[in-house]
Amino acid sequence: SISRQMATSWAERCNAPGESPGERSGLPWPLDVHNVKLLDCVCPQGWANPTRPADFVYDLVALGAGAGGLVSAKQSARRGAQSALIEEHLAGGDCLNVGCVPSKALLRCARAAAERRRCDLGASSASAASCSTDFASVMERMRRLRAEIAPVDSFATTKAAGADMYAGRAVFTGPHELTVGGQTLRFRKAVIATGAQAKVPPIAGLSEVPYLTNASLFNLTELPRRFVVLGAGPIGLEMAQAFQRLGSQVTVLEGLDRILGPEDAEAAAWLHSVLEQEQVRLLTGVAVESVEHSAGENWPEIRISVRLGSKTEVITCEALLVATGRSPNVAGLGLEAAGVEYKNGVGIQINDDLTTSNPDIFAIGDVIDRPELRFTHMSGTMAGMAVQNALFEGRGLPVNAASTRLSQLVVPRVTYTEPEVASCGVSNLSAAEARGLKADVYSSKLEHNDRAILEGASPGGFVKVLCREGTDEILGATVVAEHAGEMLAEITLAMQHSLGLSAIARTIHPYPTMGEAVQQCALNYNRAHWERLNKS
């Protein structure tokens, strides 16, 4: 837990006597005006926990003030419940502080840097060659925008919504009670939304090396000359492209034979090609054998020993980002006392209605044993489902979900590289075959999309939709394009609400837009089934 000194603002702790690096661990840094504003919102100094009578029983208590906990506590309070939210670290969770928000701020600046070097967009050869980026300004912009977003997730905003806000670690002491800050809280229902943290693989020497994770990456104020990313999933690839475009020499190490393992093979291959064209070095099918480092003047020198087939190589860098998955935060919560079953490294076991082995305790977000659902948008969606199932069971749908059952939802996912890779449902033939599904594939290429041509988008983008064989029932889709996540939304809508692919074909799309590629894909279904004039 963070030490919350008796002060009115984090500004009073700037350069405070006795302040040590240990006290700063896990916090946004440096303590400039932007991070002070952020911390005053999400980890306020001197916060006084509410007090309730000893016999008071909450309708709902949420543990963890990330997206899942915030929605659970606020929505239940707005719907008339006596609710509470407990956070021991930073409100806003990973998304605001060390995830979605800061990473997308970096991606925007990285894209701008890449476009300044593009002669096809008007840059002269001389200016493109000499173009450089002020990394300190990039990071300052990120901190400023993060702080601008922070108030919506603040302790004060949660209190204003009608929920009690507690600072401290929550520990279950029974099936319907827990302790926080020396107080015992009783509840009818609880929602565990404690999130996850970076999973660090057991590589020889890695624990002794000053590696980065998403929790520390965004504290950088200087650009490392050489940047190595361990893991070629969404986080790793987004940051690899960003740092390459901002001026680092980036190498990505992946143990699998290709990047973006669960995604469509054609999508992964095209993104691999794009990243290599941008001079990112991608090594797949490698084994990292050991890591060591020595001190340097401004940066450590980190040496990574890797094996690729029969060859070994030592890769040297100043910064090493570990992006090899997430480990749910289940330790120290007293789950045994609550009767909640879980597995370390896997997460809390849940049922289709989000209940745990204790039917009065729900679990949502990154803490559950469903790694394929670890997205901020799913945390918020599951929170609405949990509120509905906990307090209004059998009385309608959640306000933000099409069902009260997890298995009935269509879940979109996006890797925010350029181009983006977006998908939903059974998004490729390999996945369909694994499920015993027979599917027809309909596709369209963005190289024929006028807006993509005018935007100067790199060729190779596409829309691919899988339908149940012989029908227009959508099973899933993959989109590879600039802003593919925006394009995916109408496919997700159609799939969730049982609208066939032919309905998208018959929906007017504005010209010129990337979204026309989705319609063209759908038109390919209609063209395959249209009536032809018989002149015989």
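# Briefing on strands, sheets and helix contacts

In strand β5, the bridge partner of V171 is T179. The model is a predicted one, in which local features need pLDDT of at least 70 and side-chain atom pairs count only at pLDDT 80 or more, while totals for chains, interfaces and linings use all residues. Residues are numbered from 1 along each chain as its sequence is written, and side-chain values use heavy atoms, with hydrogens and water left out. The protein contains 18 helices and 23 strands (DSSP runs numbered from the N terminus: H or I of at least four residues for helices, E of at least two for strands).

**Overall dimensions**

- The protein has a radius of gyration of 25 Å, close to the 24 Å given by the globule rule for 536 residues, so it is as compact as a globular protein of that length (the radius is taken over C-alpha atoms, and the rule is 2.2 Å times the number of residues to the power 0.38).
- Along the principal axes, the C-alpha atoms fill a box of roughly 85 × 65 × 45 Å.

**The hairpin of β4 and β5**

- Strand β4 (residues 171–174) and strand β5 (residues 177–180) run antiparallel and are joined by three bridges (two strands pair if DSSP finds at least two bridges between them).
- Two residues lie between β4 and β5, and these strands form a hairpin.

- An open sheet is formed by four strands with parallel pairing, in the order β10-β9-β8-β14.
- At its edges stand β10 (281–284) and β14 (319–322); each has a single partner strand, so one side of each is left without a neighbour in the sheet.
- Within this sheet, strand β8 (residues 226–230) pairs with strand β9 (residues 249–254) in the parallel sense over five bridges, and V229 has V252 in β9 as its bridge partner.
- Helix α10 lies across β8, β9, β10 and β14 and runs at about 165° to β9 (axes are lines fitted to C-alpha atoms, for helices over the stretch in contact, and angles run from 0 to 180 degrees between N-to-C directions).

- Five strands make up an open sheet with antiparallel pairing, in the order β19-β20-β23-β22-β21.
- The edge strands, β19 (412–415) and β21 (439–445), each pair on one side only.
- From one strand to the next, the twist averages 10°.
- Six bridges pair strand β20 (residues 420–425) with strand β23 (residues 474–481) in the antiparallel sense, and A422 stands opposite V479 in β23.
- Helix α18 (residues 516–529) lies across β21 and β22 (462–468), at about 130° to β21.

**Helix contacts**

- Helix α5 (residues 100–116) and helix α10 (residues 234–246) have axes that come within 8 Å and cross at roughly 40°.
- Residues in the contact include L106, L107 and A110 of α5 and M239, A242 and F243 of α10 (contact means heavy atoms within 4.5 Å).
- The axes of helix α2 (residues 33–42) and helix α7 (residues 135–149) come within 8 Å and cross at roughly 25°, which means that α2 is roughly parallel to α7.
- The contact is made by H34, N35, K37 and L38 of α2 with E140, R143, R144, R146, A147 and E148 of α7.

Technical notes. Angles under 35 degrees count as roughly parallel, over 145 as roughly antiparallel, 65 to 115 as roughly perpendicular and the rest as oblique.
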